[in-house]
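Dear colleague,

I am passing on the structure below, and my notes on it follow. Please read them with the coordinates open beside you.

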Amino acid sequence: MVHVILKAPDGKELLSFPANAEQTLIEQMEDLAFDMPYSCRAGSCMTCCLVVKQGKDVIDETLGGDKFIDTDDDQILSCIAGVKPEAIASNETITLELEMLDMLY
Ligand code: FES
């Protein structure tokens with residue numbers, strides 16, 4: 001299983017949930033009534049960008065579509081990124097820690 005923790009830039013925890021393999025990260029956050037900022041929802045702006053603090057290996061960066069802009073190695077676009085099914089199926093509990101960008105929060 002993969003447990004997602006979303007934090008503010010100051011380290012405050014905003015959201016915590018077990019990930020599924022079917023939805024993008026932004027869809028899973030919205031299902032929990034979290035208002036994640038977005039614009040294009042198509043991998044071509046930076047509005048939904050998150051910094052990966054822990055667990056990058058479990059991320060499928062293009063689960064929901066192609067990525068059309070470059071991001072830093074530790075950044076993902078939550079409108080297209082999701083979690084790999086093999087990580088969800090793991091018996092181990094893996095923590096995926098994400099942080100909002102300063103400019104978005
Ligand atoms: S909302 Fe534009 S890249 Fe995600």
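The radius of gyration used here is taken over C-alpha atoms, and the globule rule it is compared with is 2.2 Å times the number of residues to the power 0.38. For 105 residues that rule puts a compact globule near 13 Å, and the protein has 12 Å, which agrees. Along the principal axes, the C-alpha atoms fill a box of roughly 35 × 30 × 25 Å.

Please keep in mind that this is a predicted model, in which local features need pLDDT of at least 70 and side-chain atom pairs count only at pLDDT 80 or more, while totals for chains, interfaces and linings use all residues. Residues are numbered from 1 along each chain as its sequence is written.

On the secondary structure, where helices (H or I, at least four residues) and strands (E, at least two) are DSSP runs numbered from the N terminus, the protein comes to two helices and seven strands. Read along the sequence, they follow the pattern β-β-α-β-β-β-β-α-β.

Five strands make an open sheet with mixed pairing, in the order β2-β1-β7-β3-β5, where two strands pair if DSSP finds at least two bridges between them. β2 (13-18) and β5 stand at the edges with a single partner strand each, so one side of each is left without a neighbour in the sheet. Neighbouring strands of this sheet are turned by 30° against each other on average, direction ignored, with axes being lines fitted to C-alpha atoms (for helices over the stretch in contact) and angles running from 0 to 180 degrees between N-to-C directions.

Taking the pairs in turn, β1 and β2 are antiparallel over five bridges, L6 having L15 as its bridge partner in β2. The two strands form a hairpin with five residues between them, and G11 in the turn has a positive phi of about 95°. β1 and β7 run parallel and are joined by six bridges, with I94 in β7 as the bridge partner of V2. β3 and β7 pair in the antiparallel sense over four bridges; V52 stands opposite L98 in β7, and L50 stands opposite M100 in β7.

As for burial, a residue counts as buried if 20 or more other C-beta atoms lie within 10 Å of its own, as exposed if 12 or fewer do, and as partly exposed in between, with C-beta atoms placed from the backbone. By that count, 28% of the 105 residues are buried.

A nonpolar core is a set of buried Ala, Val, Leu, Ile, Met, Phe, Trp, Tyr and Cys residues joined through C-beta atoms within 7 Å. The largest one has 23 residues, of which L77 and L96 touch the most other members. Two or more residues of this core come from each of β1 (2-7), α1 (25-31), β3 (49-54), β5 (75-77) and β7 (94-100).

Contacts are pairs whose C-beta atoms, placed from the backbone, lie within 7 Å. Leaving out residues up to four places away in sequence, L77 touches G43, C48, C49, K67 and T71. Of the contacts in the protein with a separation of 6 or more, 60% are between residues 24 or more positions apart.

Finally, D70 lies in the loop between β4 (59-60) and β5, and D70 counts as exposed because it has 7 C-beta neighbours inside 10 Å. The C-alpha atoms of D70 and M46, 24 residues apart along the chain, are separated by 9.3 Å.

With best wishes

Key. Contact = placed C-beta atoms within 7 Å.
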